[in-house]
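Subject: Structure handover

Hi,

Here is the structure I said I would pass on. Have a look at it first, and then read on for what turned up.

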Amino acid sequence: MAERREQTALDEVLTRIGQVVMLHHAGDREEARSRFLDLWTEIGEDGDPLHRCTLAHYLADTQDDPADELAWDLRALTAARELPDGDPRGVPGFFPSLHLNLAADYVKLGRTEAARTQLDHARTAADALADDGYGEGVRAAIGRLELRLEEGGPGSGGFWGPPRQRPS
């Protein structure tokens, strides 16, 4: 019974994160950032790693400063690594996207070598992705960022498409 209540509470947090994601996708970036930060305060630095990973991943998308975006993406990766092996909520499918986001952050900051390193991690982690829409989308984004790095410039609008669009 206690385990079921705990799982329900966990699901409620993910639902709340999802609601703020919808707000952000609807175009209210400032309000989304504010609500995400409120959730981050509620969850805390030592909260459930899946919640922290998910929340930090989306919080990165609401940042104006590329250095802040990088900081949130690093928090997301750190939290994802804290999930124990075999945890049914494990996120191996997140790792390609998390590394790809870090690579894009480093490109924005002009740190090409760090971007290439993260892109290598993304490419390696992408082997774990299924051959579905998500997997194909992440692999295509890896390819686009690789091309952008080869061409030597950040381009306009980012590698996902319009600014600030990233897979979830």
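Predicted model: local features only at pLDDT ≥ 70, side-chain atom pairs only at ≥ 80, totals over all residues.

Let me start with one residue. Leaving aside neighbours within four places in sequence, threonine 54 is in contact with Leu14, Ile17 and Phe94. You will find threonine 54 in helix α3, and with a relative accessibility of 11% this threonine counts as buried.

Now the overall picture. The protein chain has 7 helices and 0 strands, so if you read along the sequence the pattern is simply α-α-α-α-α-α-α. Of the 168 residues in the chain, 42% are buried. The accessible surface comes to about 8,900 Å², with 51% of that belonging to carbon and sulfur atoms. As for contacts between residues at least 6 apart in sequence, 57% of them join residues at least 24 apart.

On to the inside. The largest nonpolar core has 37 residues. Those with the most contacts inside this core are Ile17, Phe36, Leu55, Leu100, Leu119, Ile142 and Leu145. Which elements give two or more residues to the core? They are α1 (2-25), α2 (29-43), α3, α4, α5 (94-108), α6 and α7 (133-151). Ile17 has come up already, as one of the contacts of threonine 54.

Among the buried ones are Pro96, His99, Leu100, Asn101, Asp105 and Tyr106. Against what do the buried residues of α5 pack? Their partners are α3, α4, α6 and α7. After α5 comes glycine 110, which has a positive phi, near 75°.

Next, the rings. A search of the whole structure gives 2 aromatic pairs. In one, phenylalanine 36 and tyrosine 58 have ring centres 6.5 Å apart and planes at 15°, so this pair is stacked. Phenylalanine 36 lies in helix α2 and tyrosine 58 in helix α3, so the pair ties together parts that are 22 residues apart in sequence. Both phenylalanine 36 and tyrosine 58 are buried. The other pair, tryptophan 40 with tryptophan 72, is edge-to-face, at 4.9 Å centre to centre and 85° between the planes. Since tryptophan 40 sits in helix α2 and tryptophan 72 in helix α4, that pair ties together parts 32 residues apart in sequence. Tryptophan 40 counts as buried at 9% relative accessibility, and tryptophan 72 is buried as well, with a relative accessible area of 10%.

Finally, the charges. Side chains of opposite charge can pair when their charged atoms come close. How many salt bridges does a search of the whole structure find? The count is 11. Here are some of them.

Glutamate 82 and arginine 52 meet through their side chains in a salt bridge, 2.3 Å from N to O. That bridge links distant parts of the chain, with glutamate 82 in helix α4 (residues 66-82) and arginine 52 in helix α3 (residues 49-60), 30 residues apart. Are the two partners buried or exposed? Arginine 52 counts as buried because its relative accessibility is 7%, and buried means under 20%. Glutamate 82, at 40%, counts as partly exposed.

Glutamate 113 forms a salt bridge with arginine 116, and their closest N and O atoms are 3.6 Å apart. Both residues lie in helix α6 (residues 112-125), 3 residues apart, or about one turn of the helix. Glutamate 113 counts as exposed at 57% relative accessibility, while arginine 116 is partly exposed at 32%.

Arginine 139 pairs with aspartate 131, with the closest N and O atoms 2.9 Å apart. Arginine 139 is partly exposed, with a relative accessible area of 29%, and aspartate 131 counts as exposed at 68%. Separately, salt bridges that share partners join Arg29, Glu30, Arg33 and Asp64 into one network.

Cheers

Definitions and conventions:
Residues numbered from 1 in each chain as written. Heavy atoms only, no water. Salt bridge = Lys/Arg side-chain N within 4 Å of Asp/Glu carboxyl O. Helix = DSSP H or I, 4+ residues; strand = E, 2+ residues; numbered from the N terminus. Buried < 20%, exposed > 50% of the residue type's maximum accessible area, 1.4 Å probe, protein only. Contact = heavy atoms within 4.5 Å. Areas by Shrake-Rupley, 256 points an atom, 1.4 Å probe, with all protein chains shown as cover. Core = buried A, V, L, I, M, F, W, Y, C linked by side-chain atoms within 4.5 Å. Phe/Tyr/Trp six-rings, centres within 6.5 Å; stacked < 30°, edge-to-face > 60°.
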